[in-house]
Structure formats: structure tokens, C-alpha cells
Amino acid sequence: MTVQLLDVPGLAPTAPYAYAATAAAGHRPVQLAGACPLDADGRTVAPGDVAAQTARCLDNLVTALDAAGAALTDVLGTRVLVATTDRRDLHTAWHVVEARFAEHAVPSTLLGVTVLGYPDQLVEIEAWAAVR
């Protein structure tokens, strides 16, 4: 196994993700640019829909991982950015991320931000992975 997810004694056991992750020796790091909710023509998909934009970000993230010879199970961690001041939007985005990663619940940071780079963009997901 390339990535080992670590539960950390002494930290809240209720977090829906691992607190730390490591890569086995001999694996190379993969840094992915923030995955945006863009279609193949560079247009923002699903304006106003946090869940649909999160899903598209994850689709694009999987495409980038594949190009690097990696998969979601090779991800060491993520940062999920949501342009909102409403915590419900953060929860909406997180539920989509959590469902896609399933049992590979990597360490993650979820942030509400004021604005993202593309018109109508609400979500962006950064990731780090390791591959053999």
C-alpha cells in the first residue's frame, strides 16, 4: 500500500478523516493544482450549485491523478476551498468529498473563502499524492 492513513490517539475520534498520512519509502510525491469545476472548454459548470461543482472538481482531480499514474487511494491529503460565508455550503461540499473518497478518508482541510479565480466558481480542491 502506497498511503497509510493514521488515526492519532489523543485527538478527537469523531473526525470523519485521518489526522495524518504517510507514503511508503521509495514513492514519489505528486502535487496537484487546485481542481476547479471547469468543463473541457474552460467554462465553469453548475453556477450556484456547490454539490455539483464539488463533484466536477473531484472528476477533474481524478483525471489529473490518472495523468500522474495515481488514483484517489494514492492521495495523502486535500484542501477544499468553498467561496461562501454559509457553513451549510461547507457541509454540502464536504459530504460530496467524503462520499467520493469513501473509506480512504484522507487528512483534509475545509475552508470558506471570499472568492475563487473563475467566474461563478464556488469550489476548488487541492491534493497531494504519492505513487511508486
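**Tour starting at helix 1**

Select Asp49, which caps the N-terminal end of helix 1: one of its side-chain oxygens lies 3.2 Å from the backbone nitrogen of Ala51. This is a predicted model, in which local features need pLDDT of at least 70 and side-chain atom pairs count only at pLDDT 80 or more, while totals for chains, interfaces and linings use all residues. Residues are numbered from 1 along each chain as its sequence is written, and side-chain values use heavy atoms, with hydrogens and water left out.

Now pick Val50, Gln53, Thr54, Cys57, Leu58, Leu61 and Leu65, which are buried (under 20% relative accessible area, 1.4 Å probe, protein chains only). They cover an arc of only 140° around the axis (from the directions of the C-beta atoms), which puts them on the same side of helix 1. Show what covers them: strand 3 (28-35), strand 4 (75-83), helix 2 (87-101) and strand 6 (123-131) are included.

Turn to the face away from the buried side, where Thr63, Asp66 and Ala67 are exposed (over 50%). Then select Gly69, which follows helix 1 and has a positive phi, near 80°.

Finally, show the whole protein chain, with two helices and six strands (DSSP runs of E, at least two residues). Along the sequence the pattern is β-β-β-α-β-α-β-β. The C-alpha trace spans about 40 × 35 × 20 Å along its principal axes.

Methods. Helices (H or I, at least four residues) and strands (E, at least two) are DSSP runs, numbered from the N terminus. Contact means heavy atoms within 4.5 Å. A polar contact is a pair of N or O atoms within 3.5 Å; within protein, one must be able to donate a hydrogen and the other to accept it, and residues adjacent in sequence count only if both atoms are side-chain atoms.
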